[in-house]
Amino acid sequence: MAVTTEAIGIPAPRVRRRWSDLFGPDIDGYGFILPAAIIMICLVVYPFCLAVYFSMSDAWIGAENTHFIGLENFIYILTEDDIFRQTVRNTILFAVFSVLFKVIFGIAGALLLMHVTKLKRLIRGAILIPFVAPTALTTLGWWLIFDPTYSQLNWFLQNVWPFSAMGLGPYQYLGDPNLALASVIFVNIWRGLPFFIITIFAGLMAIPPSLYEAADIDGATGSQKFWRITLPLLRPVLAVIILFSTIFTLADFNIVFVLTRGGPMNSTHLFATYSFMTGIGNREIGLGAAISLFLFPLLFIIVIIQLRLVRKDAVYELS
Amino acid sequence: MSSPDIALPAAPVARRAAPAAGSKVRINPTPPWQKRKRLATYAGVLPYVAFAVFPLYLMAVTSFKTTAEINDFSQSPFWVSGVTLSNYVYLAEKTNYFESWMLNTIIVSVVTTLISVSVGSLAAYALARLRFRGVEMFGVAVFITYLVPQTLLFLPLVDVINWIDQFIPIRDTYWVLIITYPTFLIPFVTWLLMGYFRTIPYEVEECAYVDGCGRLRALFRIVMPMAMPGLICAVLFSFTLSWNEFLYSLVFIQDQFAKTLSVGVFTELIRGDIYYWGSLMAACFAGTIPIVVLYAFFMDYYTSGLTAGAIK
């Protein structure tokens with residue numbers, strides 16, 4: 001272009017550099033994200049960096065000045081801290097069992113919901129309640145259910161036939177280390193199950209009925225239809241909710257803190273409660289931050305898998 | 001199912017042979033296998049419903065019992081024989097902080113919801129529609145902050161709050177919560193609304209531009225009204241999440257009167273080794289009911305929000 005115009009003798013038009021070349025056509029977009037970005041930087045990004053710094057210092061609440069001590073906190077946690085080892089074990093058991101049961105009962109519940117025709121709204125509404133109700137308060141309700149003397153569960157086991165004849169209980173649900181972990185997992189399942197049921201239900205609705213009709217014509221049995229059609233088509237939905245649920249189960253705080261505060265004998269401590277106990281209870285912020293940071297690599301891996309899945313769009317077409 | 005005196009055309013009636021007018025004999029009733037299947041379905045669903053409602057039910061029942069009845073182990077704990085409001089009266093009259101917890105919770109939830117939804121919807125619109133350098137990166141950052149749990153942030157935030165406290169006294173007031181709750185609400189709202197904004201066809205907005213609308217005007221007059229279901233959903237979820245929040249409120253507020261419901265009930269109403277189950281359960285029930293009622297009215301929004309964004 002320029003060559004030809006010069007050849008004719010007309011000066012080449014000056015190419016004006018526009019802001020839009022540098023920042024894209026919608027410069028006002030920065031204005032739209034500015035408030036969110038400021039809040040995120042000040043209250044998420046900065047605190048996160050601070051957490052990383054704390055984890056490498058001997059900071060404690062009320063200290064005049066803190067010193068950089070490198071990886072000492074991490075080395076201490078990994079080599080000398082028995083409670084931390086216990087915490088890792090608890091967290092793995094907690095996450096694996098609660099997610100596993102949520103998946104199994106979630107699929108079963110969603111399949112059942114598919115066949116519900118009457119009282120549909122009422123039933124679906126009731127099932128979702130644990131998810132919307134304030135966790136700390138409903139967990140206090142569970143606390144009563146698990147209380148050694150007032151436990152309705154023990155009362156039920158001891159006074160209602162056939163359990164009364166079996167001589168079961170009374171159990172110290174929150175007093176025995178193994179039972180306490182089981183109880184905490186149980187309450188976590190109670191709270192998380194609705195999310196699984198409703199999301200899997202939406203995933204089931206998205207499966208075209210024609211597939212089942214075709215299978216019927218071919219003479220497929222119910223279980224064949226489940227393993228060959230339902231489950232493979234649910235896979236993307238399952239992948240997303242399992243990852244989501246794993247993150248929030250790993251980082252769970254409320255249920256454990258309200259029910260057991262990590263006890264008895266640290267058998268229910270998760271990263272969150274242990275880091276709370278160290279950082280706030282013992283005032284050792286540096287050590288507490290280091291403990292909670294052990295969550296980060298786990299989260300990071302999950303987030304990366306998740307981003308890949310979400311990008312594949314298929315998952316989000318179900319709504 | 002089909003009543004003979006209303007003339008219903010086609011669909012529902014056509015499935016079965018229509019009964020002759022006046023005849024009481026139903027031809028072709030529901031086949032027994034279908035009945036059995038239906039029975040099996042409801043028998044399977046029942047445990048789910050019972051399991052979900054069980055703790056709330058016990059909470060309610062216990063809250064209406066007298067202390068004597070709670071301590072009476074000879075009768076079934078699953079039912080209340082002498083209904084009493086004494087536990088609620090106790091909360092209202094004998095404790096001077098229960099109302100202030102309720103009030104704090106309402107104020108914090110309303111204000112944080114307003115902040116988060118307005119800030120988040122602007123960001124969501126930019127992410128869904130506008131093209132500028134760094135927008136993709138911002139989207140990923142929002143997603144990551146959405147998934148960074150409070151567990152990682154509460155310790156350093158103590159320090160940040162202490163620093164702010166030097167200039168503006170916010171420590172031990174609900175202002176701390178108003179500042180910190182948006183950190184988990186904004187990413188969530190942004191993520192949720194981004195999906196909604198994407199479903200609105202760009203052509204509609206384009207028409208507004210052709211007619212001489214500016215971007216902001218198009219956003220508020222065209223896009224926002226069309227994304228109303230999404231906005232309602234975002235408001236409901238933000239409100240619920242901040243009403244239910246526990247960790248930040250527990251860590252940042254020590255003052256008895258400045259606490260929110262879920263923390264106050266937990267830290268102040270459990271006194272010593274003797275548990276006052278009646279008033280404790282009454283407080284739990286009173287704190288749960290507003291959210292459950294809200295949910296009962298807007299159930300469809302909750303469900304759509306759940307499946308659209310996949311939430312905690």
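In which loop of chain B is B:F298 found? In this predicted model, B:F298 sits in the loop that joins α15 (277-297) to α16 (299-309) of chain B.

**Confidence**
- For the model as a whole, the scores are ipTM 0.84 and pTM 0.85.
- The average pLDDT of chain B is 82, and 88% of its residues score at least 70.
- Residues 1-19 of chain B have a pLDDT that stays under 50, and for this stretch the model has 12 contacts beyond four places in sequence.
- Where pLDDT is low, predicted coordinates should not be read in detail.

**The two chains**
- Chain A contains 16 helices and zero strands, and the secondary structure of chain B likewise comes to 16 helices and zero strands.
- Of the 319 residues in chain A, 41% are buried, while in chain B, which has 312 residues, 43% count as buried.
- When contacts in chain A with a separation of 6 or more are considered, 67% of them are made by residues 24 or more positions apart.
- In chain B, taking contacts between residues at least 6 apart in sequence, 71% join residues at least 24 apart.

**Where the chains touch**
- The contact between the chains takes 80 residues from chain A and 78 residues from chain B.
- On the side of chain B that touches chain A, helix α2 (residues 32-63) of chain B gives the most, with 13 residues.
- Sorted by class, that side of chain B has 55 nonpolar, 18 polar and five charged residues.

**Domains of chain B**
- The domain assignment divides chain B into domain 1 (27-84) and domain 2 (94-309), and the centres of these two domains, taken over C-alpha atoms, are separated by 33 Å.
- Their contact takes eight residues from domain 1 of chain B and seven residues from domain 2 of chain B.
- On the side of domain 1 of chain B that touches domain 2 of chain B, the elements that give two or more residues are α2 and α3 (67-71) of chain B, and α2(B) gives the most, with five residues.
- By class, this side of domain 1 of chain B has four nonpolar, three polar and one charged residues.

**Helix α6 of chain A**
- Helix α6 (residues 120-132) of chain A has 13 residues, so at 1.5 Å a residue it should span 18 Å, and this agrees with the 19 Å between its end C-alpha atoms.
- The helix α6(A) bends by about 30° at A:A126, and a proline, A:P130, follows within four residues.
- Several residues of α6(A) are buried, among them A:R124, A:G125, A:I127 and the proline A:P130.
- An α-helix has 3.6 residues a turn, so residues three or four places apart point the same way.

**Back to B:F298**
- Why does B:F298 count as partly exposed? There are 15 other C-beta atoms within 10 Å of B:F298, and a residue would need 20 or more to be buried, or 12 or fewer to be exposed, so B:F298 falls in between.
- Although B:F298 and B:I232 are 66 residues apart in sequence, they are 9.1 Å apart in space, C-alpha to C-alpha.

Conventions: Residues numbered from 1 in each chain as written. Chains lettered and ligands numbered in written order. Predicted model: local features only at pLDDT ≥ 70, side-chain atom pairs only at ≥ 80, totals over all residues. Contact = placed C-beta atoms within 7 Å. Expected span 1.5 Å × (residues − 1). Bend = angle between axes of the 7 residues up to and from the residue. Nonpolar A, V, L, I, M, F, W, Y, C, P; charged D, E, K, R; others polar. pLDDT = per-residue confidence, 0-100. Domains from an automatic or database assignment.
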